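Visitor: Could you take me through this structure one question at a time?

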Amino acid sequence: MADVPAPPCPAGSAAPAPPAALSVPARLTPADHDLLLDLLGTPTAGPLEAGTEGPDVRLWEAGRAYAEAAATLGLRVLRHAPPEPAALLRDDVPSTVRKAAQDETFLASQPSLVLRLGPELPLRDMVMFNVHLDTVAGWWPARFDGRRFTGRGAIDAKGPAVALLAGIRAARAAEPALGSRVGVLIQAVAGEEGGAMGTFGTRPLVEDGFTGGLNLFCEPTGHRFLPRSTASMTALVRVEGEDAVDDRPDAGHNATVLLGHISSHLARALPPRIGDGKVCVAGLHTGERHNRVYGTGRLLLNISYGSRPAGQAAEAALEEALREALTDFASRTAGIPDLARTAADATRITSLHWHKRGLPALDGRGRAPWAEDLLERRAGLVRWPDEEPAFTCDAIWMADLPDSYTAVFGPGDLDTNHAHAAGEYVDLDDLDRYADEIARILVARVRHGPPGDGAGEDSHAHSAAAPGAAADRNPLR
């Protein structure tokens, strides 16, 4: 791959070093192709996604295949297990996850894998990559036509996971100090999909110290690095009234009309009040028959946000907008005989509940200038524009980690590559490019470290951590 031009430097300043380039660009090998086809052919959608109707989840099998391939590069397994059940007994765990965990077999099928290249080193000298091996529901036989891989997880995120290994292999060939002065961690997790929000995959690993000074989450970003990740909250609006027969619609509460009004009002009134996120009004359900007035029903909303204060403001905005919707409904329908009872009781029979809220959001912009300089100037990457909205992924769990920098970075695009949809694919050229970018990042990190005791020193000056050194050591087992 040709060098990426460095940005012009200010007048009078020294010219920046060119981006790290490899004498031979990183490429996926036939063995990598086989590994990706194997992973794509292994169903890994968990019960939160596939329910009881889909293929059996085979995350253990996928993790073992990935670990076996990684072992040829020198990475060894530090952990391959699900978390302890206590990880799900927390208030900020989504209610759907807590409910699923009541089945004692749930966690047993949800292992996460941790791999490490090199010895135990201080946090600053570790680069961590997070990939997820679970997928959304919907599985079909994997294919590769010599140019394009198709299959569930091709872009999100089994394809990037395999390209990551190819990049590490190329970086080791170009810079032998990778794996001695600078180490690599890989989190290959479960629980990224299905609304689990990383609560039993990424979060326990982060809390157990499997992190680095530089952390990259392998999600589709069009080869741009994104130092932000929104969180999301899921709200349930519930109506609990009385049913009625179709011949006497005035005798009951019409949850269908009430929730329809609420959903329309929220879709119009709420988005302008959410400053840095999106509102998705969805999941409206009362019943399926034409000859019955349904008195009960539910409406779901998903709201993303970019910071904890923004999340708290969004909660308040939803509560206010719901009150407005109920007041407006009562005003508009009080004089309609068939809806009079619903209008009179609308506030009493309507309630707001939370499936999830209170999760952190990541905004690492400016947190570690050395890391952004390394990615942009040393590795030749492009940063995601500040004015372009971020999206939600497991990187939220890095929000409060000190002395580190986190970005989301991967090939492809969630929409273009049909992630979460039929026909999901990734092109080999995109994976080759990503492998080369991973290699350039790692080579650059070995040659240019963060400022330490001697500010601005390259990491050539650092040796492996001495026994008993420093409080910034990774507490790895």
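Predicted model: local features only at pLDDT ≥ 70, side-chain atom pairs only at ≥ 80, totals over all residues.

Visitor: Which strand supplies the largest share of the lining of the largest pocket?
Guide: The pocket has a volume of about 1300 Å³ and is lined by 48 residues. Helix 2, strand 10, strand 12, strand 14 and strand 15 each supply at least two of the lining residues. The largest share, five residues, comes from strand 14.

Visitor: How many residues of the lining of the largest pocket are charged?
Guide: Ser232, Asn302, Phe391, Thr392 and His420 are the lining residues nearest the pocket centre. Over the lining, 19 residues are nonpolar and 16 are polar. The charged residues number 13.

Visitor: Where does Tyr66 lie, and is Tyr66 buried or exposed?
Guide: Leaving out residues up to four places away in sequence, Tyr66 touches Leu35, Leu113, Val131, Leu165 and Ile186, among others. The cover over the buried residues of its helix includes helix 1, strand 2, strand 3, helix 5 and strand 6. Tyr66 lies in helix 3 and is buried.

Visitor: How far apart are the end C-alpha atoms of helix 3?
Guide: Helix 3 has 13 residues, and at 1.5 Å a residue these should span 18 Å. The model agrees with that expectation, because the end C-alpha atoms are apart by 18 Å.

Visitor: How far apart are the end C-alpha atoms of helix 7?
Guide: Helix 7 has 15 residues, which at 1.5 Å a residue should span 21 Å. The computed distance agrees with this span: the end C-alpha atoms are apart by 20 Å.

Visitor: Does Ser263 count as buried or exposed, and why?
Guide: Serine 263 is found in helix 7, whose buried residues are covered by elements including strand 12, strand 14 and helix 8. Not counting residues up to four places away in sequence, serine 263 touches Val281, Leu284 and Leu299. Its relative accessibility is 14%, and the cut-off is under 20%, so serine 263 counts as buried.

Note on methods
Residues numbered from 1 in each chain as written. Heavy atoms only, no water. 1 Å grid on protein atoms, 1.4 Å probe; cavity = no way out; pocket = protein on both sides within 12 Å on 5 of 7 lines; lining within 4 Å. Points joined across faces, edges and corners; volume = space filled by probe spheres on them. Helix = DSSP H or I, 4+ residues; strand = E, 2+ residues; numbered from the N terminus. Nonpolar A, V, L, I, M, F, W, Y, C, P; charged D, E, K, R; others polar. Contact = heavy atoms within 4.5 Å. Expected span 1.5 Å × (residues − 1). Buried < 20%, exposed > 50% of the residue type's maximum accessible area, 1.4 Å probe, protein only.
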